[in-house]
Amino acid sequence: MPMNDDRVKLPINANPVVVHDPLRFNQGGQADPYSFARDTMQNGTAEAAVYNSKKLEDAVHEMGLKLKHHEENISFLKAQKNRLDNSILDMHVALCKYQTASESGSENEELSHVQSEEETLGHIFVHEKSAAGIWYELKRHHGTQASHLPLMKDVVGIVAMLGNVDDDNLSRLLSDYLGLETMLAIVCKTCDGIKALETYDKEGHINKTLGLHGLGASIGKPLDGRFLVICLEKLRPYADDFIADDPQRRLDILKPRLPNGDSPPGFLGFAVNMVNIDSVNLYCATGSGHGLRETLFYNLFSQLHVYKTREDMLQALPYIRNGAISLDGGMIKHNSVFSLGKREINVKFPKISGRSNLPQNYFEIERQIKEMRWKKERTVEDMQREQALLERARFNFDIKKQEYLKFLAQSSTYATQ
């Protein structure tokens, strides 16, 4: 008599349950298409093989599209860079023609400006152990190659050499208002430039073998004391309009007005607009496209008033918010703090060069060249980023393509067994 068996019996023709697992991984963490294809075919799941084959094929196709996208971006950026190079070259040719036509009669004026610059540099070199003095020492020794040195490439210059004025007395007054420490300040485009100038050890002490400290020590002029460094990218630029059609891009600041609508007697203008800036720094001195007037000089002078006499300045006191100076030596700092007495000023802005013989179009072309150079720099940066993305996409594409081919090979092998 058969024994009672309470166990549930499966039908003889029952099929195993198929679980669609993802690709298995080998010891290196990579997908193992061999083992997956073998198990798939051994379990008789042809549908799963087709499904996973399509899944891998789609992944390869998607990565191929990304690869093509980055290649097209790089091609576009290369073409754009070439167009900018050609335009810059054409405009340089045009500038040379203007310069040749305007050379006669301007030699004496240009010589005067060069002498004024050399005088300012001479006074900077008097402070030979200052950061500015050491920086210019490096620039003098390396010449045009200095801008490519890691220590120099992010530095725009020294405050005293980044502007010039029409009048020697005004230069002395503006320089006196800023003070020697600010006039000798180094101006950098980014915070990376500041990091290159001075480095620290693990305890936070200055590493005097690197940066400006190391340079000063190497030439027998060890850097002594503190020094100012101004970072352009961290300055808040002037946010309002510029004076229309002004080649110097002076700021359209609202002038002080008496109740009758007139400006106060003796008011000559704003100090920030009395500094002439070389065209190379009028545009795109920062990564965001701003020039030195609306960044550096606006932050140094703000809305500093300039008056003809002390008496005029004192009469206008109710309208002064950010300080004032007068051509006869009067000076009011912020918050109605009066600066009295007199001091000798050596490091001051150079007098403006004689460029009146140049046509107005000359300055517009200079502006366009500066803007195009800025665009070219941004384009090169974009190309470098795209190239990195392309290499990564190509690496991922090659891996996924190999997985797909191995999967197909294994699937074909087991399908014929």
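**Close-ups of a predicted model**

Residues are numbered from 1 along each chain as its sequence is written, and side-chain values use heavy atoms, with hydrogens and water left out.

**View 1. Asp246 pairs up with Arg250.** Their side chains meet in a salt bridge (3.0 Å, N to O); the term stands for a side-chain nitrogen of Lys or Arg within 4 Å of a carboxyl oxygen of Asp or Glu. Arg250 is partly exposed, at 22% relative accessible area. The structure holds eleven salt bridges.

**View 2. Helix H11 (residues 360-416) carries Arg378 and Glu381.** These two sit three residues apart, about one turn of the helix, and their side chains form a salt bridge (3.1 Å, N to O). Helices (H or I, at least four residues) and strands (E, at least two) are DSSP runs, numbered from the N terminus. An α-helix has 3.6 residues a turn, so residues three or four places apart point the same way. Also in H11, Arg385 and Asp382 are three residues apart, about one helical turn, and they too are joined by a salt bridge (2.2 Å, N to O).

**View 3. Helix H8 (residues 211-218) is largely enclosed by the rest of the structure, because six of its eight residues are buried.** Those six are Gly211, Leu212, His213, Gly214, Leu215 and Gly216. After H8 comes Gly220, with a positive phi near 75°.

**View 4. Phe297 and Phe301 touch the most other members of the largest nonpolar core, which has 64 residues.** Such a core is a set of buried Ala, Val, Leu, Ile, Met, Phe, Trp, Tyr and Cys residues joined through side-chain atoms within 4.5 Å. Helix H4 (residues 131-142) gives the most to this core: six residues. Setting aside neighbours within four places in sequence, Phe297 has contacts including Leu162, Val272 and Phe349 (contact means heavy atoms within 4.5 Å).

How values were computed. Predicted model: local features only at pLDDT ≥ 70, side-chain atom pairs only at ≥ 80, totals over all residues. Buried < 20%, exposed > 50% of the residue type's maximum accessible area, 1.4 Å probe, protein only.
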